[in-house]
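I opened this model to look up its sheets, the helices on them and a few single residues. My entries follow in the order I made them.

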Amino acid sequence: MKHGKKYVEAAKLIDKTKAYDAKEAIDTCLKTGTAKFDETVELHVKLGVDSRHADQQVRGAIVLPNGTGKTVRVLAICKGDNVAKAQEAGAEFVGAEEFTTKIQNEGWTDFDVLITTPDMMGLVGRLGKILGPRGLMPNPKAGTVTPDIARAVKEAKAGKIEYRLDKTNIIHCPIGKVSFGTDKVEENFNALIGAIIKAKPAAAKGQYIRSCTVATTMGPAVKINPAKISGAV
């Protein structure tokens with residue numbers, strides 16, 4: 001694969017033979033973020049588990065200390081008193097059948113997070129085929145199916161992210177923007193990696209964190225040494 005001039009220049013800043021400690025890796029990664037827009041910093045963690053087995057799933061959600069730097073559009077599917085609560089908490093779209101119909105009939109997904117209450121799951125459950133592949137289906141483990149809709153909306157707006165394994169046993173998550181600077185991105189990294197380590201399944205064998213990299217949207221990956229991450233082994 002041929003890369004552009006900026007990518008090639010950025011790659012020169014990285015020692016490919018080296019696995020950095022987290023702070024140095026993040027610092028190096030931010031130096032590669034030279035695009036005209038404020039690039040997202042992404043974390044990619046390969047785990048020593050097998051996601052095909054139910055007892056080796058790793059999934060959860062966390063509010064990053066410094067948020068993601070992204071404006072999060074929230075759809076709240078609810079009724080009754082919860083409508084006003086969701087609106088006051090900052091949800092951009094609030095309602096019930098009018099939105100589920102719009103999603104079903106028009107394939108509408110102009111939102112980043114869908115939050116709903118348990119009593120609405122009969123309605124929302126029908127949207128699985130549309131929302132599931134896009135990672136938008138609400139889930140109690142991620143805190144997006146909850147009776148406390150106001151809190152869930154506020155957390156989503158504050159930078160709550162969901163982490164989960166893909167089919168290759170890797171977790172991919174945003175941990176901030178280049179403009180955050182090293183310290184804020186490192187705080188977010190520590191919070192997320194700590195949550196992933198706490199979520200280690202009892203059935204996991206051998207080294208838990210196999211590899212860990214950070215990269216900006218347009219930049220090359222920088223390796224973090226798993227041996228320097230507490231609880232990684």
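**Entry 1: ground rules.** I am working on a predicted model, where local features need pLDDT of at least 70, side-chain atom pairs count only at pLDDT 80 or more, and totals for chains, interfaces and linings use all residues. Residues are numbered from 1 along each chain as its sequence is written, and side-chain values use heavy atoms, with hydrogens and water left out.

Entry 2: I began with helix 2 (residues 22–31), which lies across strand 1, strand 8 (209–216) and strand 9. Helix 2 runs at about 170 degrees to strand 9. Helix 8 (residues 182–198) packs on the sheet too, touching strand 1, strand 7, strand 8 and strand 9. The direction of helix 8 makes about 155 degrees with that of strand 7. My elements are DSSP runs numbered from the N terminus: helices are H or I with at least four residues, strands E with at least two. Axes are lines fitted to C-alpha atoms, for helices over the stretch in contact; angles run from 0 to 180 degrees between N-to-C directions. Contact means heavy atoms within 4.5 Å.

Entry 3: I read 4 strands in an open sheet, order 7-1-8-9, with antiparallel pairing. Strand 7 (170–177) and strand 9 (222–224) are the edges, each pairing on one side only. Neighbouring strands are turned by 25 degrees against each other on average, direction ignored. Strand 1 (residues 40–47) and strand 7 share 6 bridges in the antiparallel sense. Pairing here requires at least two DSSP bridges between two strands.

**Entry 4: helix 2 against helix 8.** How far apart are the axes of helix 2 and helix 8? They are 9 Å apart, and the helices pack at an angle of about 125 degrees. Helix 2 and helix 8 are therefore oblique to each other. My classes are under 35 degrees roughly parallel, over 145 roughly antiparallel, 65 to 115 roughly perpendicular, and the rest oblique. Helix 2 contributes Ala22, Lys23, Ile26, Asp27 and Leu30 to the contact, and helix 8 contributes Thr182, Asp183, Val185, Glu186 and Phe189.

**Entry 5: Thr32.** I found Thr32 in the loop between helix 2 and strand 1. Is Thr32 buried or exposed? Thr32 counts as buried because its relative accessibility is 3%. The limits are under 20% relative accessible area for buried, over 50% for exposed, and partly exposed in between (1.4 Å probe, protein chains only). Leaving aside neighbours within four places in sequence, Thr32 has contacts that include Leu13, Glu39, Thr216 and Pro220.

**Entry 6: Lys6.** Lys6 sits in helix 1 (residues 5–11). With 49% relative accessibility, Lys6 counts as partly exposed. Its C-alpha atom is separated by 8.9 Å from that of Met218, 212 residues apart along the chain. Not counting residues up to four places away in sequence, Lys6 touches Thr34 and Ala35.

Entry 7: I then checked an open sheet of 3 strands, order 4-3-5, with parallel pairing. Strand 4 (93–95) and strand 5 are its edges. The twist averages 15 degrees from one strand to the next. Helix 4 (residues 97–106) packs on this sheet and touches strand 3, strand 4 and strand 5. Strand 3 (residues 74–77) joins strand 5 over 4 bridges. Val74 is bridged to Val113, and Ile77 to Thr116. Along strand 5 (residues 113–116), Val113 and Ile115 point one way, Leu114 and Thr116 the other, and all are buried.
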